[in-house]
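Here are some exercises to work through with the structure open beside you. Try each one yourself, then read the solution.

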Amino acid sequence: MLSKPRQIDEYILLTLSGATAVALTPFAIYRIWTHEWNVAILDSAAVLLAAVLWTHVWRTGQTLWAGRILASLCLIVAIITLLLRGAEQILWVYPALTATFFLIPPRIAAVMATILLAVATIILWPELTQVKAAEFLVSSIATMMFSFAFADRMRDQHKRLELLANQDALTGAGNRHAMEKKLLDVMAFQRRNQDTPASLIILDLDRFKTINDTHGHGVGDAVLIELVKTISGRIRSTDTVFRFGGEEFVVIAENTSLPDASVLAEELCCAVRNNPYLREYHVTVSIGTAQFKPSESAFEWLGRADKAMYRAKESGRDGCFTG
Ligand SMILES: Nc1nc2c(ncn2[C@@H]2O[C@H](COP(=O)(O)OP(=O)(O)OP(=O)(O)O)[C@@H](O)[C@H]2O)c(=O)[nH]1
């Protein structure tokens with residue numbers, strides 16, 4: 001069932017580090033061939049570092065430091081190239097500027113890009129005519145502004161989309177997609193740190209159909225919203241609540257053993273039963289809990305908690321069982 005998709009940051013980093021390595025390799029070889037050792041060493045070091053970053057991101061999915069290092073590499077290589085070869089290398093400034101905005105937060109990129117532009121202008125000033133210098137400045141500032149606007153919008157929209165894609169629209173709990181991602185993260189962590197337990201709590205509303213049928217779907221929806229508020233108010237900040245299905249919710253409790261999860265489950269049962277709004281509609285929940293075993297899949301872990309929850313239903317509802 002579950003496999004983790006690559007994040008947009010990973011795609012950007014893989015593309016830019018891959019493109020840097022591939023684009024600079026022929027130049028590095030050419031400079032070695034023509035015995036231009038300064039530039040050859042610079043290009044080869046840049047190719048090597050870009051390849052190391054590409055491999056790191058591909059294997060770990062970690063992008064924070066890789067992005068910062070690649071952005072710095074682009075700017076430093078552009079400046080050193082201008083210092084070594086002068087105005088004939090001016091075109092490298094543009095991809096370096098653009099890449100920076102997609103690798104680090106656009107506001108920090110704007111500061112770094114402005115520094116690059118200032119240093120480049122100082123280096124190139126003696127070589128360029130006034131008109132050429134003006135052309136260089138205007139075109140690179142336009143490149144910076146387009147890159148800033150595009151990268152800033154892209155990040156903003158990505159955040160909004162991520163929220164929409166991961167949140168249940170009615171209750172504000174995480175949705176099933178978010179739950180699957182979280183489960184994969186928690187399971188990967190648990191397999192590396194087997195001394196730290198993690199538990200799942202599945203809660204299913206009892207006889208919810210009757211509430212809908214008796215009081216209408218509006219009340220049913222309000223009950224679901226109040227239920228999530230009640231759960232969220234009781235769990236720790238490291239625990240997360242997800243809507244698993246129509247009236248079924250899952251709490252992933254990190255750093256929580258089965259006995260602790262059982263206590264939490266009892267408290268949730270009690271909190272729902274005693275919530276003033278939910279009490280009006282006689283709302284109760286049946287709960288199943290299960291602690292993660294490193295040998296099992298997410299499907300099996302969920303299955304054990306689900307079976308425990310069904311045992312709670314069979315024994316009269318408004319209760320908690322462990323799987
Ligand atoms: N108002 C509302 N109802 C929903 C929503 N999603 C699912 N439901 C209802 O939840 C009810 C679930 O009914 P059942 O699966 O029979 O479960 P139940 O009535 O809770 O019975 P038990 O689980 O056996 O205690 C159905 O009537 C669904 O229409 C929702 O988003 N809003």
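**Exercise 1.** Which residue in β4 is the bridge partner of L203?

*Solution.* Keep in mind that this is a predicted model.
Step 1: look at how the two strands run. β1 and β4 are antiparallel, and 7 bridges join them.
Step 2: go to L203 and look across to β4. The bridge partner there is I287.
Step 3: recall what holds such a pair together. Strands in a sheet pair through backbone hydrogen bonds, in a parallel or an antiparallel way.

**Exercise 2.** Find what stands opposite L200 in β3, then work out the order of the strands in the sheet.

*Solution.* 
Step 1: β1 also pairs with β3, again in the antiparallel sense, over 7 bridges. Look across from L200 and you'll land on I252 in β3.
Step 2: β3, which covers residues 248-254, pairs with β2 in the antiparallel sense over 4 bridges. Here F242 stands opposite V250 in β3.
Step 3: You get an open sheet of 5 strands in the order β2-β3-β1-β4-β5, and the pairing is mixed. The edges are β2 (240-243) and β5 (320-322), each with pairing on one side only. On average, neighbouring strands of this sheet are turned by 20 degrees against each other, ignoring direction.

**Exercise 3.** Which helices pack against this sheet, and which strands do they touch?

*Solution.* 
Step 1: start with α10, residues 258-274. This helix lies across β1 (198-205), β4 (285-291) and β5, and runs at about 165 degrees to β4.
Step 2: now take α12, residues 298-314. α12 packs on the sheet as well, touching β1, β3, β4 and β5, and its direction makes about 145 degrees with that of β4.

**Exercise 4.** Why is β1 described as largely enclosed by the rest of the structure?

*Solution.* 
Step 1: remember that side chains in a regular strand alternate between the two faces of the sheet. That gives you two sets to check.
Step 2: on one side you have A198, L200, I202 and D204, and on the other S199, I201, L203 and L205; all of them are buried, which covers both faces.
Step 3: count up. 8 of the 8 residues of β1 are buried, so the strand is largely enclosed by the rest of the structure.

**Exercise 5.** How many helices and strands does the chain have, and what share of its residues is buried?

*Solution.* 
Step 1: count the elements, and you'll find 12 helices and 5 strands.
Step 2: The chain exposes about 17,200 Å², with 63% of that supplied by carbon and sulfur atoms.

Technical notes: Residues numbered from 1 in each chain as written. Predicted model: local features only at pLDDT ≥ 70, side-chain atom pairs only at ≥ 80, totals over all residues. Heavy atoms only, no water. Pairing = 2+ DSSP bridges. Axes fitted to C-alpha atoms, helices over the stretch in contact; angles between N-to-C directions. Contact = heavy atoms within 4.5 Å. Buried < 20%, exposed > 50% of the residue type's maximum accessible area, 1.4 Å probe, protein only. Areas by Shrake-Rupley, 256 points an atom, 1.4 Å probe, with all protein chains shown as cover.
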